Amino acid sequence: MHALPRRDFSCTSPRHIMETTGFTENQLMVREAVGQICADFPNTYWQEHDQKEQDPSDFHAAMAKAGWLGIALPEALGGSGLGISEATMMMQAITESGAGMAGAQAIHANVYATQPLARFGTREQLRETIPNIISGKWRACFGVTEPNAGLNTLGLSTTAQRLPDGSGYRVSGQKIWITCAQVASKMILLARTTPLEQVRRPSEGLSLFCIDLDRSQPGLEMRRIKKMGGRAVDANEVFFDGYSIPSDTLIGEEGRGFKMILHGMNAERCLLAGEALGLGYAALAKAAGYARERVVFGRPIGQNQGVAHPLADAYMRLEAAKLATYHAARLYDMAAAAAGGGGGGTRLRAASSRTRAKYVAAEAAFAACERAVLAHGGMGYAAEYDVERWLRECLVPRIAPVSREMILNYIGEKVLRLPRSY
């Protein structure tokens, strides 16, 4: 029996599988620079944090120190002024390094949740909040999903009731699957300020807030959710019961929050697609390395087509998904640049592209991670080989932020013009 030295399974795999032709100089620079930071956090680091369910705060601090939390924020606010295309590459580089979804989820809300704030926030909100998020002093979370609404965002029931004197609001309701709420200082919160029965359209009456998560104040409770993968970062139920927030936490105009939150949700789809790609490439690299070195019956197992062909197929799926992902991110940036000056057609194409990219990247990642476990045989079930961790985590982009089934519904209705099924 031949096996690689243990250290090869506890260190981060080199990222040499993905074809990088066609990327911009900025994207490749991001990939290289972020990869260098990630190299200081080997797979053993992520194994330990996964097993202990311990927040990777020093990884977050390292990314903040290097300025990467402001990658897609304006330079005037202390950001890098790059686009979602570069941010998607950053998230892929993180997951591909071996950090997986835990590494990505430790910082990705700081990237996409800040997009509506940067676009619609007041001067005071931007001056106070954005620099502290970029520096890593404050961490942010995204408060949208609710247990009784799911993907029906327009049907959410958390309310923010304005006080009679206009000084603030009282928030009541429940949010769920809120990542990093235990360590976050700020939440970008979507809540209903006008009852659904009093608005002309369901998209009206929702307002967006940037609130403090002050655990010393009454009316706020958090419960951590035990979950299958990405255990290093917390996921939570968050309960509001008359939680008091000041009026200056309102982002933009009251009642217009749904359109504003889309700037974060749309960016999130691109980032999730990149994260899925990184997981898939990491698993494939590990499996290919193992298949070259593992000798059974006097020959490397990668010499057997039963091992080689599934891995080769997974590679081609990832490469195809890569093209879809970065095409979608490029269209997002084009639509953002065109905002206010037309670009309606560009925005429509971008929406469809983001949906498709998230779907195909998630499916390609799942195929790669599953086949990586199978290529390792029994050792694929062992924590030290990492592929079991990545398989657990690759289910996230298949489920969130939009399920596969809802994406198929969307494509059926909007692209194929079939009757709506829900």
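Guide: Helix 5 and helix 10 pack with their axes 8 Å apart and at an angle of about 145°, where axes are lines fitted to C-alpha atoms, for helices over the stretch in contact, and angles run from 0 to 180 degrees between N-to-C directions. Helices here are DSSP runs of H or I with at least four residues, strands are runs of E with at least two, and both are numbered from the N terminus. From helix 5 the contact draws on Ile84, Ser85, Glu86, Thr88, Met89 and Gln92, and from helix 10 on Thr325, Tyr326, Ala329, Arg330, Tyr332 and Asp333, contact meaning heavy atoms within 4.5 Å. By class, this contact of helix 5 with helix 10 has five nonpolar, four polar and three charged residues; Ala, Val, Leu, Ile, Met, Phe, Trp, Tyr, Cys and Pro count as nonpolar, Asp, Glu, Lys and Arg as charged, and the others, Gly among them, as polar.

This is a predicted model, in which local features need pLDDT of at least 70 and side-chain atom pairs count only at pLDDT 80 or more, whereas totals for chains, interfaces and linings use all residues. Residues are numbered from 1 along each chain as its sequence is written, and side-chain values use heavy atoms, with hydrogens and water left out.

Asp333, which lies in helix 10 (residues 305-338), touches Gly83, Ile84, Ser85 and Glu86 when residues up to four places away in sequence are not counted. The C-alpha atom of Asp333 is separated by 26 Å from that of Ile178, a residue 155 places away along the chain.

Helix 5 (residues 84-105) also packs against helix 9 (residues 257-293), at an angle of about 45° and with the axes 7 Å apart. That angle makes helix 5 oblique to helix 9, because angles under 35 degrees count as roughly parallel, over 145 as roughly antiparallel, 65 to 115 as roughly perpendicular and the rest as oblique. On the helix 5 side the residues in contact include Ile84, Thr88 and Gln92, and on the helix 9 side they include Cys270, Glu275 and Tyr281. This contact of helix 5 with helix 9 has 13 nonpolar, six polar and two charged residues.

Another helix pair is formed by helix 3 (residues 43-52) and helix 4 (residues 57-65), whose axes come within 11 Å and cross at roughly 130°, which makes helix 3 oblique to helix 4. Here Tyr45, Trp46 and His49 of helix 3 meet Ser57, Asp58 and Phe59 of helix 4, and these residues divide into three nonpolar, two polar and one charged.

As for annotation, an unreviewed UniProt entry lists residues 24-137 as "domain: Acyl-CoA dehydrogenase/oxidase N-terminal"; UniProt positions are given in the numbering used here, feature names are shortened, and annotations may be inferred rather than shown by experiment. The span of residues 24-137 is 69% helix and 0% strand, with its end C-alpha atoms 31 Å apart. The entry also lists residues 141-241 as "domain: Acyl-CoA oxidase/dehydrogenase middle", and over residues 141-241 the chain is 0% helix and 45% strand.

Finally, on confidence, the protein chain averages a pLDDT of 93, and 94% of the residues score at least 70, pLDDT being the predictor's confidence in each residue, from 0 to 100. Residues 1-10 stay under 50, and the model has 20 contacts beyond four places in sequence for them; residues 340-346 also stay under 50, with five such contacts.
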